[in-house]
Amino acid sequence: MSRPAVSEQAASGEDLRAIDDVFAEIQAGVGEFDAARVGARFTANASFTTPAGQRFDGWEAVNAHHRRQLANPVEGFRTRIAVEHVTFPTPDTAVVSVRQHASTSAGDFANVGTWVLVKRDGGWWVHAVHNTNVAGTG
C-alpha cells in the first residue's frame, strides 16, 4: 500500500506575516492577562486542548478557559510563543508548530503545540489547538 502525500501550497510572505501577527497578539494578550485579546482570532467553533489533556470546544468554552487561567496567574508568569514551522496543506489552511516558553517564580517550562489556522474573510483564524508539555522542562 502506498501512502498518500499532501502536496503543500507555496506560502506567501504576506500570509506568514499575518500568521506571526496572530501569535504576537495571543502572546500580548497572555502577557496582559487579557482573555478577550487572547481569543480575538479564534473561530466560533474552535477546539483547544491544554497540555493537561482538557479539551474545550467552541469559542465560548475556549474563552471561559482562558478567562479562568488568566484571572489568577501564577506569580511571576511570563511567556513567549515562537512559531517554529508552518505548512499549508491548502491555500486557506495553515498547520503551525509552536513552542511556548514560560517562566514563573517557581521555574521555567515549555509546551509545544500544533495549531490549525484557517483563512476566512481575508484574515487568519485559530480553529484547532493541541498543546503538550515538553518533558523535563518544569
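# Strand pairing and surroundings in a predicted fold

Student: How many bridges join β4 to strand β5 (residues 107–120)?

Tutor: β4 and strand β5 (residues 107–120) run antiparallel; strands here are DSSP runs of E with at least two residues, helices are runs of H or I with at least four, and both are numbered from the N terminus. Two strands count as paired if DSSP finds at least two bridges between them. A hairpin joins β4 to β5 through 2 residues, and the number of bridges that join these two strands is 12.

Student: On what kind of model do these values rest, and which atoms do side-chain values use?

Tutor: This is a predicted model, in which local features need pLDDT of at least 70 and side-chain atom pairs count only at pLDDT 80 or more, whereas totals for chains, interfaces and linings use all residues.

Student: In what order do the elements of the protein run from the N terminus on?

Tutor: The secondary structure comes to 3 helices and 6 strands. From the N terminus on, the order of these elements is α-α-β-β-α-β-β-β-β.

Student: What share of the 138 residues in the protein is buried?

Tutor: Buried means under 20% relative accessible area, exposed means over 50%, and partly exposed lies in between, with a 1.4 Å probe and protein chains only. By this cut-off, the buried share of the 138 residues is 34%.

Student: Which residue in β4 is the bridge partner of Val 83?

Tutor: Val 83 is found in strand β3, and strand β3 (residues 78–90) pairs with strand β4 (residues 93–104) in the antiparallel sense over 10 bridges. A hairpin joins β3 to β4 through 2 residues. Within β4, the bridge partner of Val 83 is Val 98.

Student: How far apart in space are Val 83 and Asp 20, C-alpha to C-alpha?

Tutor: Val 83 is partly exposed, with a relative accessible area of 29%. If neighbours within four places in sequence are left aside, Val 83 is in contact (heavy atoms within 4.5 Å) with Asp 20, Phe 23, Val 96, Ser 97 and Val 98. Val 83 and Asp 20 are 63 residues apart in sequence, yet their C-alpha distance is 7.2 Å.

Student: Which residue in β5 does Val 96 stand opposite?

Tutor: Ala 94 stands opposite Leu 117 in β5. Val 96, for its part, has as its opposite residue in β5 Trp 115.

Student: Which residue in β6 is the bridge partner of Leu 117?

Tutor: β5 and β6 run antiparallel and are joined by 10 bridges. In β6, the residue that partners Leu 117 is Val 126.

Student: Which residue in the turn between β5 and β6 has a positive phi?

Tutor: Most residues other than glycine have a negative phi, and most peptide bonds are trans. The hairpin of β5 and β6 has 2 residues between the strands, and the phi in question is about 50 degrees. The residue concerned is exposed, with a relative accessible area of 83%, and its name is Asp 121.

Student: What is the phi of Phe 33, which is not a glycine?

Tutor: Phe 33 lies in the loop between α1 (13–31) and α2 (35–38). This residue is partly exposed, with a relative accessible area of 34%, and its positive phi is about 55 degrees.

Student: By what distance are the C-alpha atoms of Ala 128 and Glu 14 separated?

Tutor: Ala 128 is found in strand β6 and is partly exposed, with a relative accessible area of 23%. Leaving aside neighbours within four places in sequence, Ala 128 is in contact with Ser 47, Thr 114, Trp 115 and Val 116. Glu 14 lies 114 residues from Ala 128 along the chain, and their C-alpha atoms are separated by 22 Å.

Terms used
Residues are numbered from 1 along each chain as its sequence is written. Side-chain values use heavy atoms; hydrogens and water are left out.
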